[in-house]
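Please consult the sequence and the structure while reading the answers.

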Amino acid sequence: MTRTFSYSFRELSVTRGDLEECIGGGSSLEIFSDRLEGVLKSAQDICNIRGGYRVLNEIDLDQETRLISAGGQKFSPGRIIFDQVKDSDGLLVFVCTAGEAISNLSRELTGNGDTLTAYLYDVTGSVCVEKAMDKLERELFEDMRSGSVGLTRRFSPGYCGWDVAEQQKLFSLLPEGFCGISLSASSLMKPIKSVSGIMGFGPGVVRKDRPCSICDQRDCLYYKKVSK
Amino acid sequence: MEHNEILEKIAYCIEFGKIDRNSPFPPNMKGQDGAGEYTRQALEKGIKARDVLNHGLMQGMDRVGRKFRDNKIFVPQVLMSAKAMNSSMEHLMPYFTSGEIRSRGKFIIGTVMGDLHDIGKNLVSMILKGNGWEVIDLGIDVGSDKFLEALEEHPGSVVGLSALLTTTMANMKETVEKIKGNNRDTCVAIGGAPVTQEFCEKIGADIYSPDPQGLVDHLDQRFSTG
Ligand code: B12
């Protein structure tokens, strides 16, 4: 079963604070506040936030090899992620994007010499797709909880020691061009502002803390949030 | 204004991203002259273009690179500083053309094949320019052959490769091999989020740095004119 979803930019309530957090710098960015507000205002018309997922009910988790078999693919997400999903009965494979327009605009502005606004749009695209996934994750979690089913956090190839090239397997489980997202041979998604990953679910699943304390990727997006 | 004072003004405007009088950034310098005006004034006063470059422009960008490395400023501030630097550089261009001042060398940069990220690469370009390098930017998704062609056109250049994913980082290996196969003395620098010193050594590249200033420091050591 595959499902698609879309959110409006407004629904995600992206704030200046979200952008500042992604940029770093806190109060030193105060001088750019007008520009940040301007970008946030117009992003509504530029972001095309959509995504989708496939639910795989027949999966096998090999506790010894730490391989997850689903839909004819064998994922090797590594110890950290395997430990988080090991009690799952099913797997949800997702992709989500903020669309191409925001990156195109950013590139165009760079070409015109307005590198600052270009960068702020770029960051907005990144924040947007992450917040969209936060929202989906929350909605699914609540939905499942009402049926006494647990949902893990989301995990993406390229994080927590999971090889980014395993996106090839992930995409093979989704229809071609699903939600307008494609994957290159070098495992780069287009549009650029896209994410891919998995979540596990099942009655025995307990949502755990992010595994950052046992991971050594200190400049990771998620580590920064946890260590705050 | 004393010569030193005006050079410091240029450095200061670049450090804080004050492009010219019309620029609203930073708000506390609104309505004041910026890097462009001060550079013009310095040259009109007879300060040598070389001194404007070394003690004004480069001094300012050096501070920017260090503050960025130390997380005291962030990408938006670097972008404004780079714009201020460009407005100063415009006035210096005729002196580069006449040969009165020369760049420290040529640096060819590109994001490797299969990768479309450019913000990191662009920041490296800006900081190198501000440290006196002439930068030839080949853009994104650049194959080995394009690097070789650029080297043929600009012999003796240093080459910089950027990648943001471990998969595209792997493409650096082939590019480094081809460049070194062509001329083993070509200095190759690599960088980007997944790159490490260990990987740099493994593929036979010469310089790795997690940030642009580190690259500048390496280049200073390697190519110091003493
Ligand atoms: C924002 C972000 C995103 C955003 C936007 C990405 C984008 N491309 O615009 C979103 C949320 C969409 C995203 C998605 C993904 N991301 Co991401 N993302 C980041 C993050 C947090 C910041 C990237 C960034 O913009 N940095 C700012 C720029 C300025 O930094 P930079 O490019 O690294 O450049 C600096 C230095 O590296 C250096 N440098 C750069 N080039 C050069 C060259 C030379 C010669 C030198 C000396 C120095 C140098 O100088 C620059 C200035 O300091 C990084 C983690 C991080 N902290 O870096 C992960 C990161 C890049 N992402 C990662 C991954 C895995 C992904 C996904 C594959 C995850 C997934 N499965 O969905 C996708 C891929 C998207 C795609 N299109 O294919 C990994 C990549 C490593 C890997 N394992 O391959 C990283 C490193 C996170 C991690 N795991 O630690 N991501």
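Q: Which residues does A:Asp18 touch, not counting residues up to four places away in sequence?
A: This is a predicted model, in which local features need pLDDT of at least 70, side-chain atom pairs count only at pLDDT 80 or more, and totals for chains, interfaces and linings use all residues. Residues are numbered from 1 along each chain as its sequence is written, chains are lettered from A and ligands numbered from 1 in the order in which they are written, and side-chain values use heavy atoms, with hydrogens and water left out. A:Asp18 lies in helix H1 of chain A, helices (H or I, at least four residues) and strands (E, at least two) being DSSP runs numbered from the N terminus. With contact taken as heavy atoms within 4.5 Å, the residues touched by A:Asp18 are A:Ser13, A:Val127 and A:Lys131.

Q: Which backbone nitrogen does the side chain of A:Asp18 reach?
A: A polar contact is a pair of N or O atoms within 3.5 Å; within protein, one must be able to donate a hydrogen and the other to accept it, and residues adjacent in sequence count only if both atoms are side-chain atoms. At 2.9 Å, the side chain of A:Asp18 reaches the backbone nitrogen of A:Thr15.

Q: How are H1(A) and H5(A) oriented to each other?
A: Axes are lines fitted to C-alpha atoms, for helices over the stretch in contact, and angles run from 0 to 180 degrees between N-to-C directions. The axes of H1(A) (residues 16–23) and H5(A) come within 9 Å and cross at roughly 105 degrees. Angles under 35 degrees count as roughly parallel, over 145 as roughly antiparallel, 65 to 115 as roughly perpendicular and the rest as oblique. The two helices, H1(A) and H5(A), are therefore roughly perpendicular.

Q: How is H3(B) oriented to H10(B)?
A: Helix H3 (residues 49–69) and helix H10 (residues 212–222) of chain B have axes 8 Å apart and pack at about 125 degrees. That angle makes H3(B) and H10(B) oblique.

Q: Which salt bridge partner does A:Glu137 have?
A: A salt bridge is a side-chain nitrogen of Lys or Arg within 4 Å of a carboxyl oxygen of Asp or Glu. At 2.7 Å, N to O, the partner of A:Glu137 is A:Arg207.

Q: Which residue of chain A forms a salt bridge with B:Asp118?
A: The count between chain A and chain B is one salt bridge. With the closest N and O atoms 3.8 Å apart, the partner of B:Asp118 is A:Arg107.

Q: What is the area buried between chain A and chain B?
A: The contact draws 24 residues from chain A and 24 residues from chain B. Buried area is the accessible area (1.4 Å probe) that two parts lose on being put together, summed over both. Carbon and sulfur atoms give 71% of this area, which is about 2000 Å².

Q: Which peptide bond to A:Pro191 is cis?
A: A:Pro191 is found in the loop between strand E9 (189–190) and E10 of chain A. With omega near -5 degrees, the cis bond is the one from A:Lys190 to A:Pro191.

Q: What is the phi of A:Arg66?
A: A:Arg66 occupies the loop between strand E3 (59–62) and strand E4 (67–70) of chain A. Although A:Arg66 is not a glycine, its phi is positive, at about 60 degrees.
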